[in-house]
Amino acid sequence: MVLLSFDIEEFDMPFEYGKEISFEDQIAISRAGTIAILDILDKYSVKATFFAQLLLLKIFRI
């Protein structure tokens, strides 16, 4: 049995390298990645658990 879980957060990797990124861009990148994951899971009828902050869920409106 394989169990999948995803932790969804705003994309902040640029900060780790001393780069700036707007909050809007962080959310847009995170949303695009989440939708890509959902599409792949749907294509293969795979179930997974997602963990996310309520703020992101309200912003994503997926």
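**Chatting through a predicted model**

Biologist: Is Val-2 buried or exposed?
Modeller: Val-2 is exposed, with a relative accessible area of 71%. Keep in mind that this is a predicted model.

Biologist: OK, and where in the chain does Val-2 sit?
Modeller: Val-2 is in the segment before β1, and that strand covers 5-8.

Biologist: Which residues make the nonpolar surface patch?
Modeller: Val-2 is one of them, along with Leu-4, Ile-40, Tyr-44 and Val-46. The patch comes to about 500 Å².

Biologist: Switching topic: how many aromatic pairs are there?
Modeller: The count comes to 1 aromatic pair. Phe-6 and Phe-50 have ring centres 5.1 Å apart and planes at 20°, so the pair is stacked.

Biologist: Why does 20° make the pair stacked?
Modeller: Because planes under 30 degrees apart count as stacked, and the planes of Phe-6 and Phe-50 are at 20°.

Biologist: Which strands do those two come from?
Modeller: Phe-6 is in strand β1 and Phe-50 is in strand β2.

Biologist: What about Gln-53, where is that?
Modeller: Gln-53 lies in the loop between β2 (49-52) and α3 (54-60). With 41% relative accessibility, Gln-53 counts as partly exposed.

Biologist: What does Gln-53 touch, leaving out residues up to four places away in sequence?
Modeller: Gln-53 touches Ile-8 and Glu-10. Gln-53 and Glu-10 are 43 residues apart in sequence, yet 9.4 Å apart in space, C-alpha to C-alpha.

Terms used:
Residues are numbered from 1 along each chain as its sequence is written. This is a predicted model: local features need pLDDT of at least 70, side-chain atom pairs count only at pLDDT 80 or more; totals for chains, interfaces and linings use all residues. Side-chain values use heavy atoms; hydrogens and water are left out. Patches are made of residues with over 30% relative accessible area and no salt bridge: like charges are joined within 9 Å, nonpolar side chains (Val, Leu, Ile, Met, Phe, Trp, Tyr) within 5 Å. Accessible areas come from the Shrake-Rupley method with a 1.4 Å probe; for residues, only the protein chains shown count as cover. A salt bridge is a side-chain nitrogen of Lys or Arg within 4 Å of a carboxyl oxygen of Asp or Glu. Helices (H or I, at least four residues) and strands (E, at least two) are DSSP runs, numbered from the N terminus. Buried means under 20% relative accessible area, exposed over 50%, partly exposed in between (1.4 Å probe, protein chains only). Contact means heavy atoms within 4.5 Å. Rings of Phe, Tyr and Trp (its six-membered ring) pair if their centres lie within 6.5 Å; planes under 30 degrees apart count as stacked, over 60 as edge-to-face and the rest as tilted.
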